[in-house]
Every structure is written in C-alpha cells, then in structure tokens.
Amino acid sequence: MPAFPRFFDAQWYLVAHPDVASGGGDPRRHYLRHGRREGRRPCALTAADRERDLRHGLLRDGAATLEAMAQDAALPEAERVWARLALARAAARDGDWAGAAGWLDLLDPAHDIIDGFGLIDPVLLAAEAAIATGDTARARRLLRRAGRRFGSRRDLALSLANLRATEGGFGLGWRTALTRLYAPAGLAVPRVAPGAGPAFDRLAARTGRRSRSGPLVSVVMPARDAAATIGAALDALSTQSWQALEVLVVDNGSTDATATVVRDRAARDPRIRLIDGATEPGAYAARNLGAAQAQGAFLTVHDADDWSHPAKIALQVRALLGRPETMASQSHWVRATPDLRFTRWWGERGLVHPNISSLMIRAEVLERLGYWDRARAGADTEYADRIRAAFGAGAVIEVRPGLPLAFGRSHAGSLSGGGTAGIDSMWGGARRDYHMAAAAWHTRATTGGPEALHLPRKPRNRPFPVPPALDIGDPAPKATDPAHSPAERLRASPGFDAAWRLRSRPELRLTGSNPALQWLAEGAAQAEDPGPFFSASGALLAGWRESGALPEPAAPALLDRLEAHARDLPDLDGALPAPRADAPGVLFVGHQAGSRIFGAERSLLDMLDRARVAGTTPSLVLPQILNAEYLRAVLARVHRLHLRPLGWLYGGVDPDPSSVALLADLVRATGATALHQNTCVMDAPLLAARAAGVPAVVWPRELPAQDPRLCRDLGVRPEELRRRVLDLSERIVANSEAVARWIDAPKKTTVVPNSVDPALHDMPFEPQTPLRVALIGSLSAEKGVADAAAVARVLARRGAAARVVLIGPRSTAVAALGRLPKGLSHAGYAASPVEAMAGADLVLSLSRFAESFGRTVLEAMAAGRPVVCYDRGTPPELVGRDGRAGIVVPADDAAAVAAAIADIAGDPARLEAMSQAARARAQTLRTQPEDTSYCGVFTPRITLPNV
C-alpha cells in the first residue's frame, strides 16, 4: 500500500490547493493518488523553497540558511526534517557521502525518512549514503522497512542490488535483486562477467531471441578519448537482439587508443564502422557527421561510456513499428558508477530516469527537421522538444518507462558533470538559458510547419542564441524580421532582464517558465515589467495624457516602446506643492494597482490623506498602475508619482540589487525624510530606505499567521516574515488589533484602522424581496466565490426569500463556476463602495484567508447592511458576536451561512433592527488625528466599542 506521510496537513493542503477544496474530495486520497506525482507538498514547507532557490543560486545565505533551519528547535518538525534532507542531497551532489550521512543520521529512519513525506527519494538517498559510508546494517533496515511501506518498487530493487554488491559482490544476491526488475518484463537479467577492471566494463546479459530481419537501425556513437570505456559500449551493441544494425563511431579527435579499440571491434563485427571526425567541433557536430552517413530507416545514438541491455534497440524499434504515427521513441536508464553502484543523477525523483541519449528517430525526422544543434550541451533535449513542437506532444513515446534499459556511466568527466555548463545549470544558468532560447525558436517556427524547424548540419547562422558557456563558435543568429521574432527582439533589448524576472517573480521559478516567452504570451497583457529599468504600465501613460484613458497593455506595442526606450521609469507631477520645511516629504510605496480598485488601493488613498492631515507632503512609488480613475485620485493626493518595477518579498531571497539601488537613489533625490510601505509583502523598499539612511515605516495589510496561501506564495513562514519586517523597519502601523497581535512589538506599533467613505452613512436601507445577499470585491477564489455559489444552492433548495449577488469583475473564479446556479447572479464591477452597497441588502464576508481588517464589512455596516461573516480574521471583531449587527458563523461552513441568511430573510423586523445596529456600530468608530512627528508617522486614534 502507498506510504501515507506523517507530516500531512489536510487543512493546509485544502487551503493551499483550492482546486482540491472545490472538488470536495478527500485531501489525503488526492495527495496519494495525484499530489505526490504533481510535486505538491503535503504540508507547509518553506525549507523546500529554500532548497529550490539554493539550486538556483539565489539563496541569501546559501546553505547556511538550511543549516540554521535544520537545527532550529522552534521550527515545526517537518521543516527541520526537510532541511536535513535538503542538506544531505546537496552533499551527495558534491560527492560528500560522509556529509550526507551526517545529516541523515539525525533523522529517524522509520518516522522521518520513510513515513515523513511518503516519498521514495529520502529512502534511496539514505540507503546510498549508508552503503557509501560502510553502514550496510542501516541500509538493510531502511530497505526492509521501505519494502513493507512502498511495496515492490524498481528503485528499491536497484538500491537493494547496491547493498548486495557491497556485502557479497556481483553474485547471486546482486542478480536476485535485479531479477525483480527484469524477470517480470520477460527480459534477461544483467550480470557481471568474471575478470579484472571496473565492474561496469564487465556487464553482460543473455541476448535472447535475435531479430535477423527488419529495418536497418543506424547507431551513431561520438567518441573522444574513450579508449577505456568504448569497448564495453560496442560490445553491448554487438550483442543486441536486433541484428539489423550499423554502428557509426565518429572519432572526435581522440589522442588515446580510441580508434585502435574501434578497429579491433570492427574486425570482429563488420556492422561497426569508424569515421574520422577530428575536425568536428564537439560531440553534437560529430553526431551530425555520423547521421549524414547513416543508411538506416531509424537513427539513434549511444554514448561511448554507457551500456545497453540487449533488448533495448529491439524494444524501441518495435514501439515505432507498432505506432506509425509516432516519430521517435525513448527508453529509460539508471546512472551507475564505474564500480557499478546505481546512483541518483541530478534529479530527486528516484533512480530511474528517461534516457534522452536513447532517442530513436525515423529517417523521415532527419529529412524534415535536420540535425542536432551544434552546442556544447543540451542539444539532445532540444531535438526531442523540436520533434514534439513539430509533430505534437505524443510524437515521442516512452518504452518500458521505469525499467532501465541502459546504464549510464556516472563520473566527474561526463557531459553532465559540473562547471558552468553542468547539469545544475538547468536550474539557473547556461542550460536553462539555452533551453528557453530553443523553446522560443520552436514556438515561433511551428507556425510555418515542421520544415520551419529544419536545422542543416552546418547552418550558416544559428537559429537562436546560445549562452557563451555552450557556444562552439558558430555564427550568431541573423537579425531576423522583427515581425516574426518577438522573442529575439525582447531578449536583445537592454530593457529586458531574464534574471531579474526570475528573481522578482518566484512563480516563474516554480513553474520553470521561460521569462521571455511568458512575458510575450501573458505578462505583457498584464503590464508586467520586463526588467528593473522599464515600467510597462508607465509606458501606457502617454496614451493617458492624450485621452484621459489608459490603453490596454499588449505585447506588440510594449515591445516597440521597449526597443525605443530601454530605460523608461516615469515620474508624474501631482497636485501638491513641493515639500517645505514645515511639511517634510514622505515617500510612500504601495501595491501594484490593476484595472480595478479594491480595498488595498482605497487603504492607500486613506494613508495619503492622513499624511496631509499630519502635516507632511507625500509622494508615491507604485510598481504598476492600470486604472485611470485611481491614477487621478493618486495624483490629487501627492507631490509626485514614481513608477518603479518591484517584486514581492520571497523568503530567503534578496530582491534584485538593481531594484534596491533605484529606490535608494529615488529616496535621496526626493529628499524624503521617511519611507512608508503600505504592505508587508515587499522588502526592496525597506532595504532601499536603509541604504539611503532614512527610517522605514510598514503598514501591514495582511495576516500571514492565518493565511497559509499567502505564506506559500511568499515562500516564508509567518514568524520569518514578521522578523524580516521588524528588522527592516523603525515603525509599524497596523490596521487592526489582529495585525498588531501578530507583529507583537507594542513599543513600535500603532493601530490605525481603515476608514470608509462618509457617504455610506447617509445611504437609505430599502431591502428588496427576495433579499439581495452580496459578495463584494475582487471575486478571486480566495474571496469565497465557490462558497457563495454553495450558499445560493442551499438557499434555493430551502426556498428562502433571498438570492446571492456577486458584485465585482468577472474573475477566473466566477468563470470557473460555468453556468451560475439558481439563485446566484453576477452584477459586475462596482466603481465605488456606494455603488456596490446600492445593490446589496445583506453583505457576505466569506474569505478563505484571514482578512487583516475587512474594509467591505465596515463599509456594509456604515451603509446599514447587516453582515454574515466567517469566523476568521478581523471581520468578526467588526461585526461583533452578539448577533445584533450581523452573524458570525464557523469558517468555511456554507450551510451555516445559508441558515443565517434564511433566518434573517424570514424576519423583516429583525432585518431592520440589524440594519440600525450595524450603522450604529460603524458610527461608534471615533477618529482623532494626532501627529506624533516620529518618522513622519501620524496616528489617528480609533477605538472599537466593547460588546
């Protein structure tokens, strides 16, 4: 049976993955059946974020961050365990098995390594470390327990073979372990022949039934200084059950006896032919030379230091013969050291991986798509991706997935080893840049059909740029027609910075997205910034100045402007005069502002108004602005507005230095006496304030301690975020007592609740029949759209005199509802709180996260609209728990919400009394502005009534 993780947190899993929650399924079952395979985490794990960013080279303090987590007794146990596993993985990648074993020894084999996360990799890692350090007893216990927990797994059989080889060599015990892999597949079990030399070179297996007829398969083997290994590789090909072979060995300038070994084998097997490729610049160019001379109906390659099972070629050929619509086949392999210890490669998901070097193509593919790209590394994957781009995702099929049909020799000098072009550069470096550039070419060229992706053996110009570490000196790409190469234009612009986008937008790291392609396909339409020196939304301001409206962002227009103005950081004059001695300047930093105005934007306008009342002159920095009405409202309240690209804070990763430097320069240039940040989810402004020598004030609008999704998006634990904010700020202004309690720094915290539009207090209360029950706001999934739909269904079944109305934009969460259920309607976006409340008789607060204040709740009460809210965050404190101004129900209980609404709708007298109580409760909030003159902080005193 599958291992169930000890650290699984069902509640967190549902909050972190709303798609699972909306499906109504069992989170435990979902994780076991789907979540593990999809890479979802079973619980909150910031240590996993740290490990990923360590691989990216972005972690602020490097491995020291994980070491501190591994030893911090105050952290949840799951975090400490994962941190130790991460450190062990890092040590193993460096070949430091003693170091890996040291971290793993701190873990309980059963509870942590096997049962902790329900993953096989920690078991394989721990077993390999134990074997490598001579602790075979520990390895034996681990594998025995893992077998009971995970059942029959091929990875475990390979690990057991390692143990048997260590204990008794490559005799019966070793072969018995491998029998578990190959016997069920009807394949011969590999063996190690007697003799001297590395065990890898003595591999053999019974050939079995030979296929003496069938289409010819050409096998190209580039070789350079491979005399010590190529004999075993050629022997493996000579003993293939598929006999219709030609083996083309391209000697790529060897200085050892490689050619002599090949000639010796060719004398015994005429299917082997030696080709002089001494002048070819690299392994892929050598492959192309061999491919150009290939005669087979199928073409594949084989590295000069690997071993293939005798059935490998036959299985891959038959897979293609059985599916004529496919273009290529690929098998799986396992890495092994020269002494034949099966080892993990660069991945962390088991021992067996797809073998990109096994790609077998039809001759037709070579005719239509051409040759391998001439790069130092990565061209295998590029070719497979090119095939998929040209012929569809199913064009490359996998043969016997999970069963290693080849053993890849693992040693420091292999192509996938270290250095700037090593396998770790897949995470953030040369290989990643190469594959992203190739993907851009594939996307662009596929519009012209497969032939548009044809690559000659010796192209006059490269089809896409290649990083210097992978460049063999081929001519650079031509300056292509701009209309057909937006990705090249974007990458060529000084205003585009792929590294900045990867650092500033962690979701790109999470999804492995190409920063250039993502910006062209999605980011530009959302006015995302392409780099630290170009504001995409700022580029739209020229249209606003002319027409009073902001044009819709679009990639072509933004790309044109980016090429013409690589540095475009607009500064707009506002209505306020320049700061004076009696009205010192304060620089505010706000959230990005999209096309709609919601609570965060209104809160910022409040803060700007309060700054003026307190006797300061505010200026404002925004990362983005896409709403002309909001732009006018901002300019009426500031001396100047500055558009500057900024990313969110992300745990353990410092913001891009360019962003910090630009803001620090701005602070100095404006002469600001303080910097006020209207959120706690950025740290670049706070670091800039420190660099410029001015105090920083943070106005948190979040409750991370009660918001698992926010913490997941920020890659940070609540306490870690709290510490970061306190370390970088001199003053905290909380918008509620709940936020102040989370900050827990009374001496530097002032509570300043949000205010509301005074016009709400004068709105009449004229409820309709049926009662209009409104969910108001951005209508994101987190705001409880699915919950509102569930409430509407229950009310309809009960025949209650109430209907639910969604007031807000047509969001993805609204669209996901499809056809709206009976009793639910969508009224669209309301431009102001007064307009929103005019369409409501009762207001819902159903957020799936903890609201730090609940502005909509206070606005509803001020307008005399009773509220039904979840018992989460600050809204219950605003509404009160006596049932007079509204009803507080258990969080996430849609049935309880519907019941409360039905009771109110059926009692008009109660509804009227609740309206009056709600308005009275809102009016009891008292505001007394007072300038504290501390860092320009102004602290209106607002109190909530006791209930």
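1. Strand E3 (residues 217–223) is largely enclosed by the rest of the structure, because 7 of its 7 residues are buried (under 20% relative accessible area, with a 1.4 Å probe and protein chains only). Strands here are DSSP runs of E with at least two residues, and helices are runs of H or I with at least four, numbered from the N terminus.

2. A word on the source: this is a predicted model, in which local features need pLDDT of at least 70 and side-chain atom pairs count only at pLDDT 80 or more, while totals for chains, interfaces and linings use all residues. Residues are numbered from 1 along each chain as its sequence is written, and side-chain values use heavy atoms, leaving out hydrogens and water.

3. Back to E3: Val217, Val219, Met221 and Ala223 point one way, and Ser218, Val220 and Pro222 the other. In a regular strand, side chains alternate between the two faces of the sheet. E3 pairs with strand E4 (residues 245–251) in the parallel sense over 7 bridges (pairing needs at least two DSSP bridges). Opposite Ala223 stands Asp251 in E4.

4. Next, an open sheet of 6 strands, ordered E25-E24-E23-E26-E27-E28, has parallel pairing. Strands E25 (824–828) and E28 (886–889) stand at the edges with a single partner strand each, so one side of each is left without a neighbour in the sheet.

5. Within this sheet, 3 bridges join E26 (residues 842–845) to E27 (residues 867–870), and Leu844 has Val868 in E27 as its bridge partner.

6. Finally, in the helix pair, Glu601, Leu604 and Leu605 of H27 meet Tyr630, Ala633 and Val634 of H28 (contact means heavy atoms within 4.5 Å).

How values were computed
Buried < 20%, exposed > 50% of the residue type's maximum accessible area, 1.4 Å probe, protein only.
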